[in-house]
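Hi there,

Here is the structure I promised to pass on to you. Have a look at it, and then read my notes below.

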Amino acid sequence: MTAVVKKKIVEKLARFTKDLKPSDISLSFLTGKAVLQKIELNAEFLTEIFYLPPCLQISRVVCDLIKADVPFTSLGTNPIQIMINKVEVEVVSCDSVTPRTKQFDDLKLGNSPSTYGYVDKVVDGMKVSIQSVVIRFKDPTFEASLEVTKVVIQSTTPQWKVSPHLKDTRFKNEEEDYVIVYKMCSWDSVKMEGVSLPNTGQDKLRLLSQETVIRLALKRRISDCSVMHSRVSIHLGDLLCILTQSQLRATSLLVQ
């Protein structure tokens with residue numbers, strides 16, 4: 001039975017991953033836990049859904065470990081938890097404009113309207129934790145990297161407090177045909193580095209940021225799940241940038 005389910009999972013994820021094998025997946029139906037190891041995502045798919053400028057292209061995305069915890073007996077009250085250890089992303093510049101394909105258009109929201117129901121509640125309530133995300137930008141004239149640590153995306157109450165019950169994280173008004181979902185994304189720190197090429201020994205430009213919180217209120221229509229309104233607020237932590245004389249020179253070269 002487990003082998004059949006693994007095969008079905010591989011078939012469903014074939015469009016979004018590269019060379020995924022059933023042996024990369026570990027399942028336990030009794031505990032509701034799943035583990036995926038050394039997963040490489042489809043870079044073309046991510047380039048499409050993130051609407052990157054035509055001059056940029058995602059060349060590689062790798063996740064070393066993904067864990068899923070599904071509380072089958074309490075999906076209505078407890079969130080599905082997705083835990084990712086490390087994500088590495090490589091973004092490169094293109095000499096020519098890369099045309100966008102339409103092979104993923106069928107995944108866009110709104111193609112198959114349906115009433116906001118149980119599955120939508122479960123998906124909206126998911127909690128995602130990422131230990132670190134490393135994004136590297138490569139260009140013939142410069143290199144840059146962005147590292148974000150301890151990212152957490154979870155549902156909250158309208159007062160932006162974490163609640164043990166998912167029913168407290170949404171407000172539903174059936175008479176006016178809408179539901180409001182509250183989500184919060186936070187991370188501990190961000191480190192940005194950049195250097196111009198060719199590197200002649202100059203120091204890298206570094207910028208550090210402490211804890212940041214993004215709050216999202218999403219208003220959706222119950223009858224067809226379409227997004228009616230949204231509100232986003234960003235609360236930035238302290239920014240730290242220590243510039244030496246060599247780093248000022250590196251900044252000037254990087255801007256040029």
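Let me begin with a question: is Glu88 buried, partly exposed or exposed? Glu88 is partly exposed, with a relative accessible area of 26%. Here buried means under 20% relative accessible area, exposed means over 50%, and partly exposed lies in between (1.4 Å probe, protein chains only).

Before going on, a note on the ground rules. This is a predicted model, in which local features need pLDDT of at least 70 and side-chain atom pairs count only at pLDDT 80 or more, while totals for chains, interfaces and linings use all residues. Residues are numbered from 1 along each chain as its sequence is written, and side-chain values use heavy atoms, with hydrogens and water left out.

Now the overall picture. The protein chain has 4 helices and 14 strands; these are DSSP runs (helices: H or I, at least four residues; strands: E, at least two), numbered from the N terminus. Of its 256 residues, 33% are buried. Counting contacts (heavy atoms within 4.5 Å) with a separation of 6 or more, 64% are between residues 24 or more positions apart. The chain exposes about 16,000 Å², and carbon and sulfur atoms supply 58% of that; the areas come from the Shrake-Rupley method with a 1.4 Å probe, and for residues only the protein chains shown count as cover.

Next come the charged pairs. Side chains of opposite charge can pair when their charged atoms come close. The whole structure holds 8 salt bridges, each being a side-chain nitrogen of Lys or Arg within 4 Å of a carboxyl oxygen of Asp or Glu.

Back to Glu88: its side chain meets that of Arg136 in a salt bridge (4.0 Å, N to O). This pair links distant parts of the chain, with Glu88 in strand 5 (residues 81-93) and Arg136 in strand 6 (residues 127-138), 48 residues apart. Arg136 is partly exposed, at 33% relative accessibility. Lys86 joins Glu88 and Arg136 in a network of salt bridges.

Another salt bridge connects Asp69 and Lys33, whose closest N and O atoms are 3.2 Å apart. Asp69 is in strand 4 (residues 56-69) and Lys33 in strand 3 (residues 33-41), so the pair ties together parts that are 36 residues apart in sequence.

Lys8 and Glu11 also form a salt bridge (4.0 Å, N to O). Both sit in helix 1 (residues 2-13), and because they are 3 residues apart there, about one helical turn separates them.

Happy exploring!
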